[in-house]
Amino acid sequence: MGISKENIEKWKLRGRSGVVLSQYAGVIIKKKIQRKEIPKAIELKCLGRGNQAKEYHHSDYEKPLEVIPLCRECHGEIHNWWRKYDYS
């Protein structure tokens, strides 16, 4: 399954768009890592603190390839900030 508006729409129809799109974005990144098209997050530095990254963060799930490497602390802070202000 490639990245296309049609595939994104199919994923949206399967359930709540935010949860489903996050799963879709995660699958796309995992496939890119398996194909060695992008490095594993642990091979990069966190853009927040500069230490070893542990995971990728998507700021927009409809753009699944636009990710930034973050450590768990920074990633948690970003998501906690969004939950606090509920800008969804």
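Me: A pocket is an open set of points on a 1 Å grid over the protein atoms alone, where a 1.4 Å probe fits and protein lies on both sides within 12 Å along at least five of seven lines. How much space lies in the second largest pocket?

Reply: This is a predicted model, where local features need pLDDT of at least 70, side-chain atom pairs pLDDT 80 or more, and totals for chains, interfaces and linings use all residues. Residues are numbered from 1 along each chain as its sequence is written, and side-chain values use heavy atoms, without hydrogens and water. With volume as the space filled by probe spheres set on the points, the second largest pocket holds about 230 Å³.

Me: Which residues lining the second largest pocket are closest to its centre?

Reply: Helix 2 (17-34), strand 1 (55-58) and helix 3 (72-85) each give the lining at least two residues; helices (H or I, at least four residues) and strands (E, at least two) are DSSP runs. The lining has 13 residues (an atom within 4 Å of a point), and those closest to the centre are Gly26, Glu55, Tyr56, His58 and His75.

Me: Which residue forms a salt bridge with arginine 72?

Reply: The partner lies in strand 1, 17 residues from arginine 72 in helix 3. Arginine 72 is exposed at 55% relative accessible area (over 50%; buried is under 20%, partly exposed in between, 1.4 Å probe, protein chains only). The closest N and O atoms are 3.4 Å apart (Lys or Arg side-chain nitrogen within 4 Å of an Asp or Glu carboxyl oxygen), and the partner is glutamate 55.

Me: How far apart in sequence are arginine 49 and glutamate 77?

Reply: Their side chains meet in a salt bridge at 2.7 Å, N to O. Arginine 49 lies in the loop between helix 2 and strand 1 and glutamate 77 in helix 3, so the pair ties together parts separated in sequence by 28 residues.
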